[in-house]
Amino acid sequence: MNDDGVQLRAQRARPPRLRADTFRKYQELLRDRVGIFLSASKAQLLISRLDRRLRERSCPDLEQYYELVTSAPGHREEFQAMVNRITTNKTDFFREAHHFDALAAFVQDHVQTRPKDPVKIWSAGCSTGEEPYSIALVLQEALPPSEFARARILATDIDTNVLTIASRGVYADSRLAPSPKYRWRGSFLRGTGRWSGTVKVCKALRDRLQFETRNLVDPGWDDDRKFDVVFCRNTLIYFDRPTQREIVQRLAASLRIGGLLILGHSENLLGDEPGLEAAGATIFRRVASGDGPGESFAPPERPLQARVTSGGMFC
C-alpha cells in the first residue's frame, strides 16, 4: 500500500469539518424546506449525523454535499435522505402512559355522546410506529368491536425510512417488555426461525392505521378531515418558537370541537393559544369560539399528496 492510500484512509477516518458559512446554509435550507431549526449548538450533531452519508455518496466534505442536496440530479431524493439522517426517532410503546389513560376515557365517552361518528385519531410524528400501534391497542380495549372496526388512525412522519418500518409492524419482542402483557396478548404474532425474537402487529390493528409522509410546515397538509384526538409528542422540539406556535394552531384547526391535542412531556403551549384549554398534563381541548381563551382557527389550504400506505403486508 502506498503512502497516498494510507493518507486517504486516514482522511476518511476523520469526521468532515463544517465551516461556519456552510452551517448557515444548512440552517437556512432545513428551516425553509421542512421547518427544522438547528441552533448554533447543533453543528456537531449535523456533522455526526451526515458523516456516514457523505462516505456513502463519496462526498469529500459538507460543502460538496450541500450542492448534492440542492442542485445535483436527484437532489430531492438526496434531500429526503438527509432529513432521514438528521431527525431523531426515539419512541416506545405506551410512552407517557397517562396520555393513553386519557385517550381510553375520551373514546369511551365518545361512544356515548357521538355514537354515529367513528373515532378518528392522528399520530403526527409517528416515528417507527410504536405510538400509533399503542393508540390502536387502547381503542381495541376501550371500544366495542363494532366501533373499533370503524376507528381510523392516521400516522404521519417526515422521515420515509421510519414510515417503512412502521408500516411493516415488526419489532424486537423486547420492545414490548415495559408494557403489561394484557395490552399486547393476542395482538402480536411471534416470529419463528430467522424471525425468532421478533413480533408482528396483527392485521386487525394494522387495518386501523394509514401511514402518510407529511411535513408539518407544509402549507397544504390539511385535507378537511376533522380528528377527535391529535398526538404530536416530542416533535415540536425541532422547530423555533414562531413555527411551534403556527403548528399548534394548525393542529388545533384539524380537531373537531371538544377534541384533544396531546403534546410531549418536554413540550407545552407557549401561552394561551386561541381555541384551546388545558385538559390534563400536556393535554389540551379544542373549544368553540367564545368558549375558551380565544377564537377558532382557519383551516390550511390543500392536501399533501405523497404517502406510504400500509395494508395486506402481513398476517
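A polar contact is a pair of N or O atoms within 3.5 Å, one able to donate a hydrogen and the other to accept it. Keep that in mind for the first stop. The model on your screen is predicted.

**Stop 1: glutamate 147**

Select residues 145-150. This is helix H8, and glutamate 147 has its place here. Is glutamate 147 buried or exposed? Buried means under 20% relative accessible area. Glutamate 147 has 14% relative accessibility, so it counts as buried.

Now show side chains. The side chain of glutamate 147 makes a polar contact with the side chain of arginine 150, at 3.0 Å. Next, look beyond the neighbours within four places in sequence. There, glutamate 147 is in contact with Val111 and Pro115.

**Stop 2: helices H4 and H5**

Two packed helices are described by the angle between their axes and the distance between the axes. Select 62-70 for helix H4 and 75-86 for helix H5. Their axes come within 6 Å and cross at roughly 120 degrees. That makes H4 oblique to H5.

Which residues of H4 and H5 meet? Pick these out:

- From H4: Tyr65, Leu68, Val69 and Thr70.
- From H5: His75, Glu78, Phe79 and Met82.

Colour the residues of this contact by type. You get 5 nonpolar, 2 polar and 1 charged.

**Stop 3**

Switch to a cartoon view. Strands of a sheet pair through backbone hydrogen bonds, either parallel or antiparallel. This open sheet has 3 strands in the order S3-S5-S4, and the pairing is antiparallel. Which strands are at the edges? Select 170-172 for S3 and 188-190 for S4: these are the edge strands, and each pairs on one side only. Neighbouring strands of the sheet are turned by 30 degrees against each other on average, direction ignored.

Click on arginine 190. Its bridge partner in S5 is valine 199.

**Stop 4: a hairpin**

Select 276-280 for strand S9 and 283-286 for strand S10. How many bridges pair S9 with S10? There are 4, and the pairing is antiparallel. Find alanine 278: opposite it stands phenylalanine 284 in S10.

Now follow the chain around the turn. S9 and S10 form a hairpin, with 2 residues between them. End on threonine 282 in that turn, which has a positive phi of about 55 degrees.

How values were computed:
Residues are numbered from 1 along each chain as its sequence is written. This is a predicted model: local features need pLDDT of at least 70, side-chain atom pairs count only at pLDDT 80 or more; totals for chains, interfaces and linings use all residues. Side-chain values use heavy atoms; hydrogens and water are left out. Two strands pair if DSSP finds at least two bridges between them. Axes are lines fitted to C-alpha atoms, for helices over the stretch in contact, and angles run from 0 to 180 degrees between N-to-C directions. Angles under 35 degrees count as roughly parallel, over 145 as roughly antiparallel, 65 to 115 as roughly perpendicular and the rest as oblique. Contact means heavy atoms within 4.5 Å. Ala, Val, Leu, Ile, Met, Phe, Trp, Tyr, Cys and Pro count as nonpolar, Asp, Glu, Lys and Arg as charged, and the others, Gly among them, as polar. Buried means under 20% relative accessible area, exposed over 50%, partly exposed in between (1.4 Å probe, protein chains only).
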